[in-house]
Amino acid sequence: MIEARGLTRRYGNKVAVDDLSFSVRPGRVTGFLGPNGAGKSTTMRMILGLDRPTSGTVRVNGQAYHELDQPLRRIGALLDAKWVHPNRSARAHLRWLARTNRLPDRRVDEVLEAVGLAAVANRPAGGFSLGMSQRLGIATALLGDPEILMFDEPVNGLDPEGIRWIRGFMRDLAAQGRTVFVSSHLLSEMAQTAEDLVVIGRGKLISQCTTAEFIDNASESLVRVRTPQAEELRAALARADAEVRVEVETGALLVSGVTTQLVGEVAAAGGVVLHELAVERASLEQAFMRLTDDAVEYQTTALPAPELVTAGR
Ligand SMILES: Nc1ncnc2c1ncn2[C@@H]1O[C@H](COP(=O)(O)OP(=O)(O)OP(=O)(O)O)[C@@H](O)[C@H]1O
């Protein structure tokens, strides 16, 4: 269990993490989701005692990190896969960590086996691909056989096979009853991995819920209509209190807050010919960006949001 209460971290005038409270439960993969710069890495560093909160607390099984006896046995983390000394072999790296943390040598071979690195264990880690480095980072996190595991953007830059392996591995760890907390800036990635979500933007909590609930709330259903009498239909729908937008690229009308049935009936009553009438679900990533829009730190000005013209209600 990880519990943050009023967790806040300021760097000068910048509030990187802002009064964040959330809990991460055992036996599930919990995604830590937020756009770039939202404060995910800072929060994870505070959980590990690598950064100090300006105010608030974060506890690992009821204790602050520095109070933990043998912390590697309680919580294992992958924050940066490339921190291993390049001339050191995977096995030597893990042995060194095991010995300095009073962990048995046999754990080294167990974790190398678990992440599929046994065959390359004596090769210098400097020559490892990103995927292999990630596996070594995960082996390092597993060394103390901890109940809690934390991974910062573990699939960034990996090929599809590496991504598939990491997703499956995280789910297996959760199925063993462990607490698995994993960050990402992509909702689509989290949707395939995590059962629960902690969503943040600009350091603040946006939502804590199941992934299914978040997706349901986030994705807006739209009705897409194509008609040669767009103006008449727009006016009729506005009278029916629907919100109508025109998709500039294709000229189709996107109607929110209505069913296809209602649009069909309004069109029929107004004598409007329809060429297309369909339900369109906003993509998850669009929905996520809309929810966290105010919270995106580095908004691009060169590429404006998709041009949708809103007509009166
Ligand atoms: N040591 C630091 N000094 C000053 N500002 C910092 C420091 N560490 C982080 N920040 C700022 O705090 C904010 C949150 O950063 P953080 O790296 O935690 O976000 P993130 O959600 O992990 O983003 P990303 O996905 O881009 O890594 C950013 O504005 C960042 O510039």
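**Reading a helix, a sheet and a ligand shell**

Mentor: Helix α1 (residues 40-47) lies across β1, β2 and β4 and runs at about 115 degrees to β1. Helices (H or I, at least four residues) and strands (E, at least two) are DSSP runs, numbered from the N terminus. Axes are lines fitted to C-alpha atoms, for helices over the stretch in contact (C-beta atoms, placed from the backbone, within 7 Å). Angles run from 0 to 180 degrees between N-to-C directions. This is a predicted model, in which local features need pLDDT of at least 70 and side-chain atom pairs count only at pLDDT 80 or more, while totals for chains, interfaces and linings use all residues. Residues are numbered from 1 along each chain as its sequence is written.

Trainee: In what order do the strands of the open sheet of 3 strands stand?

Mentor: Two strands pair if DSSP finds at least two bridges between them. Here the order is β2-β1-β4, with antiparallel pairing. Because β2 (14-24) and β4 (55-60) each have a single partner strand, they stand at the edges, and one side of each is left without a neighbour in the sheet. From one strand to the next, the twist averages 20 degrees. Between β1 (residues 2-11) and β2 there are 7 bridges, and A4 stands opposite F22 in β2.

Trainee: Which residues come nearest to the ligand?

Mentor: A residue is near a molecule if its C-beta atom, placed from the backbone, lies within 6 Å of it. Of the 13 residues around the ligand, Y11, A16, N36, S41 and T42 come nearest. Helix α1 supplies the largest share of this shell, 3 residues.

Trainee: Which residues of helix α8 (residues 230-239) are buried?

Mentor: A residue is buried if 20 or more other C-beta atoms, placed from the backbone, lie within 10 Å of its own, exposed if 12 or fewer, and partly exposed in between. In α8 the buried residues are L233, R234 and L237. Seen down the axis of α8, they fall within an arc of 100 degrees (taken from the directions from the helix axis to the C-beta atoms), so they line one face of the helix. An α-helix has 3.6 residues a turn, so residues three or four places apart point the same way. On the other side of α8, E231 and R239 are exposed.

Trainee: What covers the buried residues of α8?

Mentor: The cover includes β10 (221-226), β11 (243-247), β12 (253-256) and α9 (260-269).

Methods
Two residues are in contact if their C-beta atoms, placed from the backbone, lie within 7 Å.
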